[in-house]
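Please keep the sequence and the 3D view open while reading.

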Amino acid sequence: MAINYTQLKNIPGFSWLGINIGIKDDSLDFGIISSECKCSCAGVFTRNNLPGAPVIVCKKKIKNGQIQAIVVNSKCANVATGKAGIDDAEKMCSWTGDALGIDKDLVLPFSTGVIGKRLPMDKISLGCKKIPDKLGPSPKFIENFSQAILTTDSHPKWCYDSLGNTSLLGIAKGSGMIEPNMATMLSFFVTDAKISSKQLQSMLKRVVNKSFNRISIDSDTSTSDTVIILANGLAGPVNTELFEETFTKNAIKLAKKIARDGEGATKLIELTVSGAKSQLMALKISKSIINSPLIKTAIHGADPNWGRFIMAIGKVFDYPVSLEDLSIYFGKGDKVQKITAKNINSNTVNLDAISKLLEPHEVFIEVVVGNGSCSETVWGCD
């Protein structure tokens with residue numbers, strides 16, 4: 001997939017690196033994000049009970065609220081490696097700190113790739129020594145970083161936006177082992193807005209809940225999920241409400257790119273469940289539908305088998321839905337096809353029209369489960 005980097009811009013004060021250090025092959029596999037000054041920071045991590053060593057180290061480091069650099073390797077996840085893996089992650093931070101001239105406690109380590117193998121620390125060490133000569137602020141350096149963090153992704157994922165005199169850049173990877181909370185995903189946001197770590201942390205949790213926690217590919221929760229934001233404050237204070245709106249919008253963009261790039265996926269599915277009596281009801285029903293292998297395969301083949309939706313809704317045992325209160329809408333705009341108890345009983349469902357609405361690369365579905373006021377939107381793939 002050809003990626004258009006023409007709109008990619010750097011955030012003042014940040015530098016980037018993406019190089020090959022030979023972890024597996026000759027593609028880029030080692031990346032750095034560095035700020036010229038200390039940053040406020042926040043992070044949200046996987047809830048998997050067997051997290052990778054970098055997750056354990058990062059959780060400890062961000063407690064002080066200040067970070068200045070991020071080091072990432074791909075092709076080896078440093079997961080299920082015990083104390084040795086934690087020591088390796090700490091060494092990555094120490095070597096990166098030495099190369100940048102900053103304290104090791106201001107560096108966060110990340111790894112993504114195969115589970116169960118130790119990091120090739122000799123190659124990591126040599127990579128860290130190259131940091132001073134390979135680091136740069138231009139979009140080309142950002143592009144290299146976005147390439148260096150990929151594993152099974154088919155292409156890099158990024159978004160850039162501005163708000164007044166501040167700006168926000170997000171870069172993510174992920175295409176398999178995707179099911180909130182969150183995904184086999186690394187997502188890094190940087191901004192020049194001045195926001196405290198405490199504000200960032202509460203904001204990030206809300207943003208992630210509306211974006212990365214609303215995507216699904218294969219219902220598997222990774223051991224390495226992380227979303228991080230660094231704010232170096234060079235642009236000064238910002239309206240936090242407006243900033244959160246911008247942050248949320250761009251996090252949703254990245255989340256949808258991850259869902260669209262699912263391993264083997266050809267279609268992005270946007271599903272809304274509305275009319276629920278509670279947010280939890282809407283979320284559970286939407287997850288039941290978006291995670292169903294039968295629904296995924298039906299959408300992949302443009303098979304208008306609406307009975308699979310009935311199944312997925314009905315198996316949410318805690319929240320029964322009456323068939324008389326249920327409506328399923330395929331498509332959007334003036335081409336929507338609606339299924340209700342009335343046209344089911346009268347055998348007037350237009351299967352051919354529904355099939356056509358399942359053919360595009362983006363499929364839109366809304367399920368109305370009653371007269372409640374709550375709704376949730378999630379994204380998945382075929």
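## Charges over rings

Over the ring of which residue does the charged end of K257 sit? The charged end of K257 sits over the ring of W158, at 5.7 Å from its centre, where a charge counts as sitting over a ring if NZ of Lys or CZ of Arg is within 6 Å of the ring centre and within 35 degrees of the ring normal. Likewise, the charged end of K332 lies over the ring of F364, 3.9 Å from its centre.

The model is predicted, so local features need pLDDT of at least 70 and side-chain atom pairs count only at pLDDT 80 or more, while totals for chains, interfaces and linings use all residues. Residues are numbered from 1 along each chain as its sequence is written, and side-chain values use heavy atoms, with hydrogens and water left out.

## Aromatic pairs

A pair of aromatic rings is described by the distance of the centres and the angle of the planes. The structure holds 7 aromatic pairs, counted when rings of Phe, Tyr and Trp (its six-membered ring) have centres within 6.5 Å, with planes under 30 degrees apart called stacked, over 60 edge-to-face and the rest tilted. In one of them, the ring centres of F189 and F247 are 4.9 Å apart and the planes stand at 65°, so the pair is edge-to-face. This pair links distant parts of the chain, since F189 belongs to strand β7 (residues 186–194) and F247 to helix α7 (residues 240–260), 58 residues apart; helices (H or I, at least four residues) and strands (E, at least two) are DSSP runs, numbered from the N terminus.

Both F189 and F247 are buried, a word that means under 20% relative accessible area, whereas exposed means over 50% and partly exposed lies in between (1.4 Å probe, protein chains only). Elsewhere, ring pairs link W16, F110, F145 and F188 into a cluster.

In helix α3 (residues 121–129), the buried residues are M121, I124, S125, G127 and C128. Seen down the axis of α3, these residues fall within an arc of 160°, so they line one face of the helix; the arc is that of the directions from the helix axis to the C-beta atoms. The face turned away from this buried side carries the exposed residues D122, L126 and K129. The buried residues of α3 pack against β1, β2, β3, α2 (82–100) and α4 (131–134), where contact means heavy atoms within 4.5 Å.

Helix α5 (residues 139–148) has I142, E143, N144, F145, S146 and A148 as its buried residues, and these pack against β1, β2, β3 (66–76), β6 (166–173) and β7.

## Two buried residues

I21 lies in the loop between β1 (14–19) and β2 (30–45), and its relative accessible area of 11% means that I21 is buried. Leaving aside residues up to four places away in sequence, I21 touches D29, F30, K123, I124 and G127. S34, in strand β2, is buried as well, with a relative accessible area of 8%.

## Strands around β10

Strand β10 (residues 327–330) runs antiparallel to strand β11 (residues 337–340), joined to it by 4 bridges; two strands pair if DSSP finds at least two bridges between them. β10 and β11 form a hairpin with 6 residues between them, and G331 in the turn has a positive phi of about 85°.

Strand β12 (residues 362–368) is also antiparallel to β10, with 4 bridges joining them. Y329 stands opposite K338 in β11, while its bridge partner in β12 is E366.
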